[in-house]
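I opened the model to look up its fold, its helix packing and its core. My notes follow.

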Amino acid sequence: MATEKELKQAASLFKTLCDYLDENEWKYDKADDSLGIMLVTKGDDLPIPVMIRINPDLMVLSVYTTMPFEVPEDMRVPMVVAVTAATHCMIDGGFDYDVESGQILFRITSTYRDSIIGKKLIEYMLGCACVMTDEFNDKFYKMVQEKMSTGDMLDMIYEEV
């Protein structure tokens with residue numbers, strides 16, 4: 001359970017986050033009680049749902065983006081290879097894949113323990129999440145629509161690297 005000091009620090013970070021979004025004219029919904037933000041942006045092709053969450057217990061800021069589709073059951077196991085290969089290429093953040101539900105999300109986190117997170121880090125995290133999602137969402141979607149083999153999936157991932 002977060003201490004009063006940790007809760008104040010989380011609230012301060014939430015204000016900084018909202019200030020950054022407001023200054024950059026992002027449209028978003030916020031949940032003050034859970035320190036969460038929901039928004040949708042658009043990449044080159046598909047929409048990018050974004051959730052930003054502050055966890056005062058862990059003292060972590062997380063940005064999540066989700067793929068706007070589910071991987072069909074017959075492609076869930078082969079898709080493990082593509083998601084793993086895509087994540088392997090990244091410096092920061094990575095994809096999480098729930099094989100049971102077919103949901104793929106991108107996650108990037110930063111601790112704020114003993115530190116102050118500024119707007120530049122928020123910009124970086126949000127940008128990284130959106131760019132990586134935009135880079136791979138259409139590829140993942142094409143893979144499942146065309147029922148690609150794992151070899152073809154790997155070729156598609158690595159041709160971009």
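What percentage of the 161 residues in the protein do buried residues make up? I found 41%, with buried meaning under 20% relative accessible area, exposed over 50% and partly exposed in between (1.4 Å probe, protein chains only).

I noted that this is a predicted model, in which local features need pLDDT of at least 70, side-chain atom pairs count only at pLDDT 80 or more, and totals for chains, interfaces and linings use all residues. Residues are numbered from 1 along each chain as its sequence is written, and side-chain values use heavy atoms, with hydrogens and water left out.

**Entry: overall fold.** I looked up the secondary structure and got four helices and six strands. Helices (H or I, at least four residues) and strands (E, at least two) are DSSP runs, numbered from the N terminus. Along the sequence I read α-β-β-β-β-α-β-β-α-α. The C-alpha atoms fill a box of roughly 50 × 35 × 25 Å along the principal axes.

**Entry: α2 and α3.** I looked up how helix α2 (residues 76-88) packs on helix α3 (residues 119-145): the angle is about 160° and the axes are 11 Å apart. Axes are lines fitted to C-alpha atoms, for helices over the stretch in contact, and angles run from 0 to 180 degrees between N-to-C directions. α2 is therefore roughly antiparallel to α3 (an angle over 145 degrees). I listed Met79, Ala82, Val83 and Ala86 of α2 as meeting Phe136, Phe140, Met143 and Val144 of α3, where contact means heavy atoms within 4.5 Å. The residues of this contact are eight nonpolar, no polar and no charged. Nonpolar here covers Ala, Val, Leu, Ile, Met, Phe, Trp, Tyr, Cys and Pro; charged covers Asp, Glu, Lys and Arg; the others, Gly among them, are polar.

**Entry: α3 and α4.** I then took helix α4 (residues 150-159), which packs with α3 at about 165°, axes 11 Å apart. So α3 is roughly antiparallel to α4. Phe136, Lys139, Phe140, Lys142 and Met143 in α3 meet Met153, Met156 and Ile157 in α4. I sorted the residues of this contact into six nonpolar, no polar and two charged.

**Entry: core.** Which residues have the most contacts inside the largest nonpolar core? I found Ile37, Met79, Phe95, Ile104, Phe140 and Met143, in a core of 49 residues. Such a core is a set of buried Ala, Val, Leu, Ile, Met, Phe, Trp, Tyr and Cys residues joined through side-chain atoms within 4.5 Å. Its largest share, 10 residues, comes from α3.

Conventions. Angles under 35 degrees count as roughly parallel, over 145 as roughly antiparallel, 65 to 115 as roughly perpendicular and the rest as oblique.
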